[in-house]
Amino acid sequence: MPEKPEVITVAKSLERSLIGRKIQKVEVYYENIIAYPKVEAFQKELAEETIEQIDTRGKWLVFTLSSKILLVHLRMEGKFLFRPIGSPRSKHEHVSFFLNNDMEWRYHDTRKFGRMILYPKEELLDKKPFNELGYEYNDPNLTKEYLFTAFQKRHIPIKTVLLDQSIIAGIGNIYADEILFLSRIHPSTLASSLSKQKCQRIVENTKDVLMRAIQLGGTTIHSFSSQEGVHGKFQNELLVHGQKKCPYCQTDIKKIYIGGRGTYYCPRCQRVQRKKVKA
Ligand SMILES: [Zn+2]
């Protein structure tokens, strides 16, 4: 599943083909991809809109158009491709944007879990998902005090809390494992039990891991590639996720399931925290 670094790679890879292009019409072949508004309105409101800017927020792609904002979440397998207008369509291509350069910008998704939302610009910040997203990895407000306070109410494993987009936006399964490994925190540790010092390690490693992954274009794993011909290189830098031996102590990496998500950790570097007994 693409996480923040992969979504940024997608955004960058689309800029050259899309910025300044006008959308002439939109065809939707699988209606569930369009989460809001209704499909007819989605098609009508996108016609004649020009693509001005491409950004990300959390794991969402944010396309700024002349008067609207188009949000796209790729979920498991979503990706984009470009084809000359009228080229044969595969059964996995669910939405097609006809551009003013005789090209179709197509959304391809073998799992059909991806979602698109279209809002008027001025409504964006007050609505889902934007009003529910936590800080970005590089937001100065992401501090140990912020995490410590946010974690107090979460009597659940820290791994699960890192995946909760309302605290830090953009972290998924792979980077959560890497952040906890570098922070030397066992993934089952209850978030509410973490000290401010450990919150500080999470802040630093979140920034560090995501920044390095973004520089390398993200992680290419299994079938994920952000766009045709675009592959990240961070998979070569993974220390714990999907690995066999700990690079620091050579102990066998363990795989467990937390909240249904495959979770990798080093049993020696990430020991279970003993509860301090109050005297
Ligand atoms: Zn180790």
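**Helix 3 and helix 6.** I began with helix 3 (residues 144-151) and helix 6 (residues 196-215), whose axes come within 8 Å and cross at roughly 115°. Helices here are DSSP runs of H or I with at least four residues, strands are E runs of at least two, and both are numbered from the N terminus. Axes are lines fitted to C-alpha atoms, for helices over the stretch in contact, and angles run from 0 to 180 degrees between N-to-C directions. Helix 3 makes the contact through Lys144, Leu147, Phe148 and Phe151, and helix 6 through Lys196, Cys199, Gln200, Ile202 and Val203; contact is counted if the C-beta atoms of two residues, placed from the backbone, lie within 7 Å. Sorted by class, the residues of this contact are six nonpolar, one polar and two charged. Ala, Val, Leu, Ile, Met, Phe, Trp, Tyr, Cys and Pro count as nonpolar, Asp, Glu, Lys and Arg as charged, and the others, Gly among them, as polar.

**On the model itself.** This is a predicted model, in which local features need pLDDT of at least 70 and side-chain atom pairs count only at pLDDT 80 or more, while totals for chains, interfaces and linings use all residues. Residues are numbered from 1 along each chain as its sequence is written.

**Helix 5 and helix 6.** I then turned to helix 5 (residues 173-182), whose axis comes within 9 Å of that of helix 6, with a crossing at roughly 130°. Helix 5 and helix 6 are therefore oblique to each other (angles under 35 degrees count as roughly parallel, over 145 as roughly antiparallel, 65 to 115 as roughly perpendicular and the rest as oblique). This crossing of helix 5 and helix 6 is right-handed. Tyr175, Glu178, Ile179 and Leu182 of helix 5 meet Ile202, Asn205, Thr206, Val209, Leu210 and Ala213 of helix 6, and by class the contact has seven nonpolar, two polar and one charged residues.

**Helix 1 and helix 6.** The axes of helix 1 and helix 6 come within 8 Å and cross at roughly 30°, and the two helices are therefore roughly parallel to each other. On the side of helix 1 I found Lys4, Pro5 and Ile8 in the contact, and on the side of helix 6 Leu210, Ala213 and Ile214. These residues comprise five nonpolar, no polar and one charged.

**The two domains.** The protein is divided into domain 1 (4-132) and domain 2 (144-265), with bounds that come from an automatic or database domain assignment. I noted that 16 residues of domain 1 are in contact with 20 residues of domain 2. Which element gives the largest share of the side of domain 1 that touches domain 2? Helix 1 does, with eight residues.

Strand 2 runs parallel to strand 9 (residues 115-120), and two bridges join them; Ile34 stands opposite Met116 in strand 9.

Strand 7 (residues 93-99) and strand 8 (residues 103-108) are joined by five bridges, and Val95 has Tyr107 as its bridge partner in strand 8.

**A hairpin.** My last entry is on strand 10 (residues 254-258) and strand 11 (residues 261-265), which pair in the antiparallel sense over five bridges. They form a hairpin with two residues between them, and Gly259 in the turn has a positive phi of about 60°.

Key. Two strands pair if DSSP finds at least two bridges between them. A crossing is left-handed if the near helix is turned anticlockwise from the far one by less than a right angle, and right-handed if clockwise.
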